[in-house]
Amino acid sequence: MQKSDGVMEKIVSLAKRRGFVYQGSEIYGGMAGMYDFGPYGVELLNNLKAAWWKEHVQIRDDFFGLDSAMFKDPRVWEASGHTSGFSDPLAECKKCNTRIRVDKELEKVGVKADEKMSEAELSKLFEEHKKNIPCPKCGSHDYTPVRAFNLLVKTNMGDFTGVNAEPVYLPGEACQGIYLNFKNVVDTTRAKVPFGIAQIGKAFRNEISPRNFLFRTREMEQADTQYFVKPNENKDAYERIKKDRFDWYVRLGIKPENLRWKQHDNLVFYAKDAWDIEYNFPTGFDELEGVHDRTDYDLTQHMKHSGTDLTYTDPYTAEKYIPWILETSVGMGRMFLAFFADAYTEDELGGEVRTVLKLSPKLAPIKAAVFPLLKNKPELVEKAREVYELFKKEVRTEWDDNGNIGKRYRRQDEIGTPFCITVDFDTLGETPEHKDTVTVRNRDTGEQERLSIADAIWKVRQAVS
Ligand code: GAP
């Protein structure tokens, strides 16, 4: 299902213009698959992370947080299967050297490539269909044979000779740090199966075709939970976790009709069952978050490769086993894009067309903007400054005295500020019963109410926490 044309362009443009997201290394011409979060972007990103952390760590008795090092022993990626199995099929245009991801291009012409296909089988399939697949840059159909391209990013960490036989990789997925610390968490906390570990960590992939803004990037942050359960006691927990993750998006304001489930037909090498929460991105429905039933694959592999016993002993029954793992994993950039796109609205208010980000107040980068009604009245400015100082201590607040009030509202609407607070002559006591009151304007309805300064602060705090 395709959303209306041009929405992605509008979103990218707003994100740039208002300081949410910039192209990485822009002054050097930009670097593919890299983005920098600007002043409002980092606020939204941090609010998303905080909401996720609250859900998975703060309010949970059975969850523990973690932040593991990015660099890991190279054997980790052997054990996880990434050095051998983590690849995408690539072909190169012989005319202009543009690289395409063969499975994705086949998908676009309605041909499904099985993940388990060998290089030769995929090459054969591609040969049959490449007449329908023009090079995205020059339109040619003349490609090199298909080959598997490993997505891990190598580094020269610790390699002082330049002939390192065992390169250290950047993490291909963040969750490995959780598996490496399973035993540490069990030994140093009161964790008892079933329990979970949550982490937001960086991951890097040499994506052949980074695309669609924040959707597919080469550097990303993944918010992961790994829930450790007794073998074969995965089913109920898996269903509960799936439901909780879906509901979380809806609670934070994503329109339910823009979310749906999709089960994987082709399972990756470690999974027993896998579902995606798909979001209706401006480019159509696509994977937002993965929920995977990984069985005992990860701990068994790390036990084999490290020689460390990762068996869990039940403290009540003394039963020994390798726990099974239920994973949720979402890219923070992809999550950012989903919330940003979902909030993006063009509507009419007071006879004027406006662009407004209808973000949940919990997520909005700026929670309140404080204005003096007029810039050239020192007594108004002084009082508004006082109010601003009070707000600033409580929530992320912005000061604005530039242009007329209407313009200030439009600017705040565009970045999703849920409340605009105006200090006027009544605040100063022109109408005595209104002394020390302010007007509080609601972003979505444009309606204003007059509240005491203390009540206005309370109202904003309630809405954003
Ligand atoms: N640990 C499991 C794992 O990494 P995945 O399906 O490869 O599974 C999980 O990735 C999530 O990470 C995806 O659902 C998506 O949100 C995000 N993700 C994966 N590759 C990405 C990329 N190149 N750019 C942005 N986000 C990505």
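Predicted model: local features only at pLDDT ≥ 70, side-chain atom pairs only at ≥ 80, totals over all residues.
In which loop is Ser25 found? Ser25 sits in the loop between strand S1 (21-23) and strand S2 (35-37). The protein is divided into domain 1 (7-78 + 169-340), domain 2 (87-150) and domain 3 (366-464).

**Domains**

- Domain 1 is made of two stretches of sequence, 7-78 and 169-340, while domain 2 covers 87-150 and domain 3 covers 366-464.
- Taken over C-alpha atoms, the centres of domain 2 and domain 3 are 56 Å apart.

**The ligand and its shell**

- There are 21 residues around the ligand, and those that come nearest are Glu173, Glu207, Glu287, Leu288 and Glu327.
- By class, the shell around the ligand holds nine charged, six polar and six nonpolar residues.
- Strand S10 (219-229), strand S13 (284-295) and strand S16 (324-331) each supply at least two residues of this shell.
- Among the contributors, S13 gives the most, with six residues.

- Thr217 places a polar backbone atom 2.8 Å from a nitrogen atom of the ligand.
- Gly331 also takes part through its backbone, with a polar atom 2.8 Å from an oxygen atom of the ligand.
- Gln222 uses its side chain instead: a polar atom there lies 3.0 Å from an oxygen atom of the ligand.
- The ligand taken alone exposes 560 Å², and the protein buries 93% of that.

**The second largest pocket**

- This pocket has a volume of about 340 Å³.
- It is lined by 13 residues, of which Ala50, Ala51, Lys54, Leu252 and Lys362 are the closest to its centre.
- Helix H2 (39-58) and helix H9 (235-251) each supply at least two residues of the lining, and H2 gives the most, with six residues.
- Sorted by class, the lining of the second largest pocket has six nonpolar, four charged and three polar residues.

**Backbone details worth a look**

- Most residues other than glycine have a negative phi, and most peptide bonds are trans.
- Ser25, in its loop between S1 and S2, has a positive phi, near 55°.
- The peptide bond from Val193 to Pro194 is cis, with omega near 5°.
- Pro194 belongs to the loop between helix H8 (182-188) and strand S9 (195-204).

Terms used
Residues numbered from 1 in each chain as written. Heavy atoms only, no water. Domains from an automatic or database assignment. Near = heavy atom within 4 Å. Polar contact = N/O pair within 3.5 Å; in protein donor to acceptor, adjacent residues only side chain to side chain. Areas by Shrake-Rupley, 256 points an atom, 1.4 Å probe, with all protein chains shown as cover. Helix = DSSP H or I, 4+ residues; strand = E, 2+ residues; numbered from the N terminus. Nonpolar A, V, L, I, M, F, W, Y, C, P; charged D, E, K, R; others polar. 1 Å grid on protein atoms, 1.4 Å probe; cavity = no way out; pocket = protein on both sides within 12 Å on 5 of 7 lines; lining within 4 Å. Points joined across faces, edges and corners; volume = space filled by probe spheres on them.
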